[in-house]
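Please find below a short note for your reading of this model.

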Amino acid sequence: MSLLPLAAPGGDVNPIVPNWWDTGLVLVSFAVLLFLVIKFVVPAFEKTYAARTEAIEGGIAKAEQAQAEATAALEEYKQQLTDARVEANRIREEARAEGSQILAEMKERATAEAARITEQAQTVIAAERQAAVTSLRSEVGTLATTLAGRIVGEALEDDDRSQRVVDRFLADLESSSSDEGVSR
């Protein structure tokens, strides 16, 4: 067989039958090109694909980790908020109790102070009453002695006698006052 193109019966080349030299050259070129693609291009693509896969998976892992941290932070925030509310309620109740206690102590002090002032006033009144009674006794005694001396016509200057007359007069006066108070 010859490697020359087949000639048609009239010496023309048949366009349907391929040229063997061209076919061989294309096959060798294709094999070299296929070898170069398999040897250099496919590993580069595989490396790029692996890097992208790794980056995507790492991004997903980071996103999941960030989501977990956000969820944990949210739970911690909610717990802190709940604790703060409980603490605020406790402080509020303590303040109310302390306020009630202070108010009770202040009422107690006010009551004690009022009782002390009343007692002191009663003591002062009793002392002033006693002083007034003593003063009135001496003045009434002097007036009674002078009046009795004018009525009787003699001087009642004797202290013992005048003291007895005054005491009797005051006793009569007190008994008549108490009799009027009872009958009212």
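1. Partly exposed lies between buried, under 20% relative accessible area, and exposed, over 50% (1.4 Å probe, protein chains only). The model is predicted: local features need pLDDT of at least 70, side-chain atom pairs count only at pLDDT 80 or more, and totals for chains, interfaces and linings use all residues. Residues are numbered from 1 along each chain as its sequence is written, and side-chain values use heavy atoms, without hydrogens and water.

2. Glu87 and Arg90 meet through their side chains in a salt bridge (2.2 Å, N to O). The term denotes a side-chain nitrogen of Lys or Arg within 4 Å of a carboxyl oxygen of Asp or Glu. Both residues lie in helix H1, three residues apart, about one turn of the helix. Helices here are DSSP runs (H or I, at least four residues), numbered from the N terminus.

3. Arg90 also forms a salt bridge with Glu94, the closest N and O atoms being 2.3 Å apart. These two are four residues apart in helix H1, and Glu94 is partly exposed at 42%.

4. Glu113 and Arg116 form a further salt bridge, with closest N and O atoms 2.3 Å apart. They are separated by about one helical turn, being three residues apart in helix H1. Elsewhere, salt bridges that share partners join Glu87, Arg90 and Glu94 into one network. The structure holds four salt bridges.
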